Amino acid sequence: MRRRDLLLMAAAMMGAPAVRAQQKAIPVVGYLSPASPPANLDDLIHSPVHQGMSEMGLVEGQNVVWEYRWAEGHYDRLPALAADLVSRKVNVIVTTGGGVSARAAKTATSTIPIVFAFVGEPVALGLVASLARPGGNLTGFSNITVEIQPKRLELLCELVPQATVIALLVNPDNQSEQSVKFMQEAARVKGVQLPVLKARTEDDIDTAFAALGQLQAGGLMVSPDQFLNSRFEQLAALETRYAIPTISEVRAFAAAGGLISYGVDGMALLRQVGIYAGRILKGERPADLPVQQPTTFQLVVNLKTAKALGLTVPPLILARADEVIE
């Protein structure tokens with residue numbers, strides 16, 4: 001081989017590390033959830049969050065990598081899981097499950113961008129300075145859950161107008177005393193009592209339903225919570241077993257045999273979360289992305305369950321329903 005060729009080869013070999021160093025590293029998204037992982041992890045790539053991010057040109061396994069952390073219903077694990085994501089130097093953190101996840105992420109880092117979902121009161125929780133100008137490293141999407149709770153109570157009272165007691169099921173690990181007092185005041189205005197039942201495990205949910213008879217409850221409200229929402233099949237089965245008209249925020253509850261659900265379109269909201277995360281990876285700052293609130297809500301009624309419970313759904317509710325399951 002000629003000397004010139006040897007020199008060219010040596011130069012190319014010496015330049016290779018420099019070229020690799022200049023290549024942009026693939027961004028990593030941290031995903032923090034208080035829930036349990038799906039049975040098939042491959043399904044995650046088809047989730048609404050991934051769909052939103054793919055609309056920004058970012059596809060898992062191609063030009064973005066995801067790190068998932070699941071608390072599996074144990075909210076006390078969230079701080080350590082958030083800290084682990086921070087230690088891995090992810091480029092952005094997506095949190096689901098409301099304020100409890102977002103707070104854990106915020107405590108873990110003041111620099112890594114965070115996009116939250118399903119946070120009821122982001123300003124009151126100290127997550128952002130304001131909805132229009134978040135101001136820090138967090139932004140995301142609110143489900144205005146506190147404002148919507150009285151509407152769920154109103155719907156349940158329309159379905160069971162004879163009820164004088166409506167119970168409220170909460171997860172004590174994700175429920176503020178202030179929001180409970182707010183709901184009890186709303187119940188007082190409606191002329192019903194609102195005893196509070198607590199559940200942080202599946203067994204707790206069984207125990208809560210067993211106590212409804214002694215309370216003479218005519219209905220049950222399931223407070224918005226990632227763990228309680230994930231137990232929609234158990235809740236629907238217990239509603240039928242104890243013949244207690246029940247309302248939840250998630251459509252999956254009504255689809256699984258629950259009586260009625262009223263809340264935001266969770267799939268559409270999560271898609272927007274993915275879009276926000278993608279925008280941040282492309283250079284935008286969370287401080288410049290306003291926290292968004294939902295403008296539309298889904299009302300789903302299961303007429304089959306209503307019939308099994310011996311209820312007649314008022315025509316006004318049926319007329320307002322976005323979906324009627326028969």
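User: Over residues 1-22, what does the pLDDT do?
Analyst: In this predicted model, pLDDT (the predictor's confidence in each residue, from 0 to 100) stays under 50 over residues 1-22, and for that stretch the model has two contacts (heavy atoms within 4.5 Å) beyond four places in sequence.

User: And what is the mean pLDDT of the protein?
Analyst: The mean is 91, with 93% of the residues reaching 70 or more. This being a predicted model, local features need pLDDT of at least 70 and side-chain atom pairs count only at pLDDT 80 or more, while totals for chains, interfaces and linings use all residues. Residues are numbered from 1 along each chain as its sequence is written, and side-chain values use heavy atoms, with hydrogens and water left out.

User: OK, sheets next. What is the order of the five strands in the open sheet?
Analyst: The order is S2-S1-S3-S4-S5, with parallel pairing; two strands pair if DSSP finds at least two bridges between them, and strands (E, at least two residues) and helices (H or I, at least four) are DSSP runs numbered from the N terminus.

User: Why is one side of S2 and of S5 left without a neighbour?
Analyst: Strand S2 (65-70) and strand S5 (138-142) stand at the edges and each has a single partner strand, so one side of each has no neighbour in the sheet. From one strand to the next, the twist averages 20 degrees, where angles run from 0 to 180 degrees between N-to-C directions and axes are lines fitted to C-alpha atoms, for helices over the stretch in contact.

User: How many bridges are there between S3 and S4?
Analyst: Strand S3 (residues 92-95) and strand S4 (residues 114-119) pair in the parallel sense over three bridges, and Thr-95 has Phe-116 in S4 as its bridge partner.

User: Which strands does H11 lie across?
Analyst: Helix H11 (residues 266-281) lies across strand S1 (28-33), S3, S4 and S5, and runs at about 165 degrees to S4.

User: Now the seven-strand sheet: what is its pairing?
Analyst: That open sheet has mixed pairing and the order S7-S6-S8-S9-S10-S11-S12, with strand S7 (196-198) and strand S12 (323-325) as the edge strands, each pairing on one side only.

User: How do S8 and S9 run, parallel or antiparallel?
Analyst: Strand S8 (residues 219-222) and strand S9 (residues 246-248) run parallel and are joined by two bridges, with Met-221 standing opposite Ile-247 in S9. Helix H5 packs on this sheet, touching strand S6 (166-170), S8, S9, strand S10 (260-263) and strand S11 (298-302), and its direction makes about 155 degrees with that of S10.

User: At what angle do H5 and H6 pack?
Analyst: Helix H5 (residues 145-159) and helix H6 (residues 177-190) pack at about 35 degrees, with their axes 10 Å apart. Residues making the contact include Val-146 and Leu-153 of H5 and Phe-182 and Met-183 of H6.

User: Last topic: which residue forms a salt bridge with Arg-320?
Analyst: Arg-320 forms one with Glu-158, the closest N and O atoms being 3.7 Å apart; a salt bridge is a side-chain nitrogen of Lys or Arg within 4 Å of a carboxyl oxygen of Asp or Glu. The pair links distant parts of the chain, with Arg-320 in helix H13 (residues 315-320) and Glu-158 in helix H5, 162 residues apart.
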